[in-house]
Amino acid sequence: MSAPAPRPTGPAAQIAGIAAHPTGPAAQITGIGWLTPLGRGVPEVFRALADGRSGLTAPPPDHPAAGWLRAADIAPPVPAAEVLPPTETRCADRFLLLALAAADDALADAKLTVRQDADPERVAVVMATGGGGLESYEQQAAARRERGRAAVSPYLLPGMLSNMAAARIAITHGIRGYSSAVITACAAGAQAVAEGLRLIRGGDADVVVCGGAEAPLHPTIAAAFDNSRALAAGWDDPTQASRPFDARRNGFVLGEGSAVLVLERAEHAAARGASAYAELSGWGAATDAHHPTMPRPDGAGAASAMRAALRSAGLDPSAVDYVNAHGTGTKLGDRAEVSALREVFGDAGPLVSSTKGATGHLLGAAGAVEAAVSALAVAEGLLPPTLNLEQPDADCQLRHVRGSAARAPVRHTLSNSFAFGGHNLSLVFGPPSIAARQLGINAEHLGIDAEHLGIAAKHLGGNS
């Protein structure tokens, strides 16, 4: 009898151990880059979220939104020279700089260099934004009014078009596969990530760089949201203004930022010896067909998206341990989402929090930011709290994580993103199929007493 073949080790062992997914391959999340009001980089931002820190502030006097917003979420600066060649910094809207910086960070986090570690024609890029380069447009419109036609810069279009984030990332990193832009408002970031999973499952890419970027902190957009009474108002302390699901909530806080995830086919990631935070195993979408700006009161569209995501992941609702809610802090939106969550998961559903209490609402980038949070919740078993959730509204009773982070075993997480126009997107995350990667954030780092890390009733909402 011949001797048995030796068991594979290293990357070969990872490949041999990859299990088939019931509804198609999952995508491994091997890199994350994000710039949010809480900082830049995976450890800094997730630690701040878990530590219950707020990124909300009043715009300083020299900020374009000063005098227009009393509370805002301002991401770290990105000098144009950091992400663009010196000859091209003139076409550099803030949303574009945020997107490029997050993509650079995500690929570095994944330890992936296109051409060296992946076939450029098998790498895709999908980026989202709600408004694109609105600040650049506003500046050039003002220049035209004040100085005439000749004052309008020929660099306006390559600086403001919504597809330019994907295009510039592709140019910078030599990505020659599929590229696209998603513009479904506040669901766009999540939809870009879902599109990444579709490309992996369809065999159209080995690697997808996907996410969203938004930079809406300027007078016209601020005035539009304020005049529509969508923004939180009457809060002297900006850090108290964003309060999803709270009885005193009265709107959201406008923010800017970006997040990019590197998704990989499991075999591709394992072959190069990569590790993953989590895997993206399902997505779901549905449309309200109800109203341009208001959600369906019964949350039917949101519930449909969540059910579709669970089907896509091949999971029963009971397998989900945590939901990162869309939860913006608006009266109608929060109430509709709670109705949808109860419809899908029942009264004794998973733990829930909205990180918009800390980051505000990043519009087209929000879904990508919260996809990263949901993936890291799987990796760390650590659930960030909803800030400012002092008294859950009578219509918003869920198993809330509030007061401090909760340490809990996490099998699967679900992230929700909903938008003007009735767009509903849900994403499902689970343990990776390749070597797992952790940040190793613990109570010592967070400064949270061990008694607060348990899933104590006082931090789960209910009727407390």
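Reply: First, a definition: two strands pair if DSSP finds at least two bridges between them. The model is predicted.

Take strand β7, residues 207-214. How many of its residues are buried? Eight of its eight are, so the strand is mostly covered, with buried meaning under 20% relative accessible area.

In a regular strand the side chains alternate between the two faces of the sheet. Both faces of β7 are covered. One side carries Val207, Val209, Gly211 and Ala213. The other carries Val208, Cys210, Gly212 and Glu214. Each of these is buried.

Now the partners. Strand β5 covers residues 123-128. Six bridges join β5 to β7, and the two run parallel. Two bridge partners can be named here. Valine 126 has cysteine 210 of β7 as its partner. Alanine 124 has valine 208 of β7. Cys210 and Val208 sit on one side of β7, along with Gly212 and Glu214.

β8 also pairs with β7. Here the sense is antiparallel, with eight bridges.

Next, β5 itself. Six of its six residues are buried, so β5 is largely enclosed by the rest of the structure. Val123, Val125 and Met127 point one way. Ala124, Val126 and Ala128 point the other way. Both sets are buried.

β5 has a further partner in strand β6, residues 179-182. Four bridges link β5 and β6, in the parallel sense. Valine 125 stands opposite serine 179 in β6.

The structure holds one aromatic pair. Phenylalanine 225 and phenylalanine 252 form it, edge-to-face. Their centres are 5.4 Å apart, with 75 degrees between the planes. Phenylalanine 225 lies in helix α9, residues 219-227, and phenylalanine 252 in the loop between α9 and β8 (257-265), so the pair ties together parts that are 27 residues apart in sequence. Are these two phenylalanines buried or exposed? Both phenylalanine 225 and phenylalanine 252 are buried.

Key:
Residues are numbered from 1 along each chain as its sequence is written. This is a predicted model: local features need pLDDT of at least 70, side-chain atom pairs count only at pLDDT 80 or more; totals for chains, interfaces and linings use all residues. Side-chain values use heavy atoms; hydrogens and water are left out. Rings of Phe, Tyr and Trp (its six-membered ring) pair if their centres lie within 6.5 Å; planes under 30 degrees apart count as stacked, over 60 as edge-to-face and the rest as tilted. Buried means under 20% relative accessible area, exposed over 50%, partly exposed in between (1.4 Å probe, protein chains only).
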